[in-house]
Amino acid sequence: MRRLRLAKDAMDRDWAEPLDLDAVSAHAGYSRFHFVRAFKDAYGQTPGQYLSRRRIERAQELLRTANLSVTEICALVGFSSLGTFSTRFKRQTGLTPTEYRARHAPRGAGHIPGCYAMLWNGGFPLRRDGGQGRDRDRDQGRDQDRNSGEAD
Amino acid sequence: MIKGIAITTVWVLDQDRARDFYTEKLGLEVRTDMTMGGDKGMRWLTVGAKDQPDVEMTLMVPGPPGLDPESAEAMRTLVSKGVLGVAVLATDDIHRDYELLKAKGVEFLMEPQERPYGTEAILRDDSGNWFSLTQRSEQIDLSKDWGECVDPM
């Protein structure tokens, strides 16, 4: 369990690095397939989903505060494909990166408290949809497992 | 009338290691380190900040007499998994302390970030508990809207 946490911490800390599944599972000392399964059992999301969520969070921050283009931010937070970035961004925030910036940029930094972000990503299954979260995670898992081998 | 918060519990995996971590890395002081009830009794170990004599954290290992074996195992899992947040540690210079603690090998999950209530970084102890290290601003910045950033997932 501690080794899984070290891998998760690496994603929290080094989210901007070109982390791929091999690099992350190496932190845990697991094979990649065993790692994905164990991580999901422990934290309710695949490593790819988790890392993607952390990167989008940082992208939100940069879109509000930094004078950078969406493409630059996409690369900065560690996505290799603008299309994947935009899709994930919209799935997580409900807005495209450009819409998000238009709505939030004037208000500047500091929306997501760090401890809130930690709690939110603490590994408890998300239950906002009345307990269907695990099933939905499972459905998305197939898609995400495929992508978690990439840099995103 | 309750006069304040005196002691709060932190579950750690090893009291010797935790004692070293909280003193040598975080710079807290040991207030009490004694074993109640003989050699095999409960070790009562508390630490606190030098400038705050009336607040302590007791570093407890999950187990008897407080926890039955099943609960102790569950608690150890939660600690190792890294989901337990323990406390906000207050600093008057977060950038200095961030560099200082990082140089000592303290693991940070988040570098200092501007927040409506101050500047905040997140660190872990050696067991897996996370702490916020916060330099509070004088006033909460209410010009920022927090609500719309709630992750809709």
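Modeller: In chain B of this predicted model, four strands make an open sheet with mixed pairing, in the order β1-β4-β3-β2. Its edge strands are β1 (7-11) and β2 (29-36), each pairing on one side only. From one strand to the next the twist averages 25°; axes here are lines fitted to C-alpha atoms, for helices over the stretch in contact, and angles run from 0 to 180 degrees between N-to-C directions. Strands are DSSP runs of E with at least two residues, numbered from the N terminus, and two of them pair if DSSP finds at least two bridges between them.

Now for another strand of chain B, β8 (residues 130-136). Five of its seven residues are buried, so β8(B) is largely enclosed by the rest of the structure; buried means under 20% relative accessible area, using a 1.4 Å probe and protein chains only. Strand β5 (residues 85-90) of chain B runs parallel to β8(B), joined by five bridges, and B:Ala87 faces B:Phe131 there. Strand β7 (residues 118-124) of chain B pairs with β8(B) antiparallel over seven bridges, B:Ile122 being the bridge partner of B:Ser132. The hairpin of β7(B) and β8(B) has five residues between the strands, and in it B:Gly128 takes a positive phi near 130°.

A note on reading all this: residues are numbered from 1 along each chain as its sequence is written, while chains are lettered from A and ligands numbered from 1 in the order in which they are written. Local features need pLDDT of at least 70 and side-chain atom pairs count only at pLDDT 80 or more, whereas totals for chains, interfaces and linings use all residues; side-chain values use heavy atoms, with hydrogens and water left out.

Terms used:
Buried < 20%, exposed > 50% of the residue type's maximum accessible area, 1.4 Å probe, protein only.
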